[in-house]
Amino acid sequence: MRERLISYIDYLFKDAPEDAGDIQSEIKLNTLDKYDDLVASGKSEEEAFNAAAAGIGDVGALLNEIKMKKADPREQKSTVMRSLLLALSVAMYILSPIPVIILESVNENVGICLMFTLVAVATGLIIYRSTAYKRYEMKSDSQTEHMKAKKAGETPSSPLQSAILSLLWTLTVIVYLLVSFVFNSWGISWVIFIIASAIHNIINASFYLWTYSDKSKKQN
């Protein structure tokens with residue numbers, strides 16, 4: 001049963017960075033000591049195993065913390081900026097009807113112009129967010145295997161994927177405006193952008209799996 005516990009801990013650390021070896025050894029030692037103490041106290045081997053394994057805690061969160069500490073500061077900054085740009089873009093889409101509502105009794109045309117200006121700026125930020133991140137990936141000194149595949153032309157970020165994503169966000173804006181104007185549903189139509197963001201991630205994941213599935217087949 002001790003061997004089973006060791007194998008379980010090794011499995012938890014299978015994707016751990018190289019410098020996590022000391023932490024793995026410490027957790028393994030403490031867990032085995034706990035297992036021995038439980039068995040010595042009269043617990044069955046199965047009960048001792050379950051209790052010792054449960055006491056390990058969330059290894060995934062620990063490994064993520066280690067990886068974040070090792071991450072390139074430029075990558076961390078890029079991730080934060082991408083998140084901020086996306087949040088700002090979505091906020092501008094949601095707030096775009098406000099000028100129309102406020103200026104309806106004064107000058108509706110000005111309100112409409114301001115609304116489309118906000119929509120245009122938000123769309124521009126999304127496009128800039130995408131292209132700027134791609135430039136950062138190409139210039140990164142610490143290329144991951146995914147980025148190496150990108151330089152070799154084996155990346156899921158293909159022209160087809162880029163075209164689909166561009167079409168997705170263009171249609172999203174069109175559908176948002178149509179639904180909002182036709183049904184006068186400005187208070188709820190912003191949900192369209194949340195749905196579009198989910199579809200965006202699904203498309204990225206699908207291309208990633210498709211590309212690396214083909215790559216694995218070729219290697220086999």
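Partly exposed means a relative accessible area between the cut-offs for buried (under 20%) and exposed (over 50%), with a 1.4 Å probe and protein chains only. Keep that scale at hand for the stops below.

This is a predicted model: local features need pLDDT of at least 70, side-chain atom pairs count only at pLDDT 80 or more, and totals for chains, interfaces and linings use all residues. Residues are numbered from 1 along each chain as its sequence is written, and side-chain values use heavy atoms, with hydrogens and water left out.

**Whole chain**

Start with a cartoon view. The chain has 10 helices and zero strands. Both element types are DSSP runs, numbered from the N terminus: helices are H or I with at least four residues, strands E with at least two. The pattern along the sequence is α-α-α-α-α-α-α-α-α-α.

Switch to a surface. Its accessible area is about 14,000 Å², and carbon and sulfur atoms hold 62% of that. Such areas come from the Shrake-Rupley method with a 1.4 Å probe; for residues, only the protein chains shown count as cover. Of the 220 residues in the chain, 30% are buried.

Now contacts, meaning heavy atoms within 4.5 Å. Take those between residues at least 6 apart in sequence: 63% join residues at least 24 apart.

**Salt bridges**

How many salt bridges does the structure hold? There are three. The criterion is a side-chain nitrogen of Lys or Arg within 4 Å of a carboxyl oxygen of Asp or Glu.

Select Asp36 and Arg2. Their side chains meet in a salt bridge, 2.6 Å from N to O. Asp36 is partly exposed at 31% relative accessibility. Arg2 is also partly exposed, at 34%.

Next, select Glu46 and Arg4. The closest N and O atoms of this salt bridge are 3.2 Å apart. Glu46 sits in helix H3 (residues 45–54) and Arg4 in helix H1, 42 residues apart. Glu46 counts as partly exposed because its relative accessibility is 36%. Arg4 is partly exposed as well, at 41%.

Then pick Asp10 and Lys28. Their side chains form a salt bridge of 2.9 Å, N to O. Asp10 lies in helix H1 and Lys28 in helix H2, so the pair ties together parts 18 residues apart in sequence. Asp10 is partly exposed, with 34% relative accessibility.

**Gln24**

Stay on helix H2 and select Gln24. Is Gln24 buried or partly exposed? Gln24 counts as buried because its relative accessibility is 17%. Leaving out residues up to four places away in sequence, Gln24 touches Ile9, Asp10 and Phe13.

**Negative patch**

Select Glu18, Asp19, Asp22 and Glu26. They gather in a patch of negative charge on the surface. Patch members have over 30% relative accessible area and no salt bridge; like charges are joined within 9 Å, and nonpolar side chains (Val, Leu, Ile, Met, Phe, Trp, Tyr) within 5 Å. Zoom in on Asp19, in the loop between helix H1 (2–12) and helix H2 (21–40). Asp19 is partly exposed, at 45% relative accessible area.

**Trp190**

Finish at Trp190, in the loop between helix H9 (159–183) and helix H10 (191–219). Trp190 is partly exposed, with 28% relative accessibility. Trp190 touches Ile94 and Tyr176, not counting residues up to four places away in sequence.

Conventions. Lys and Arg count as positive and Asp and Glu as negative; His and the chain ends are not counted. The place of a charge is taken as NZ of Lys, CZ of Arg, CG of Asp or CD of Glu.
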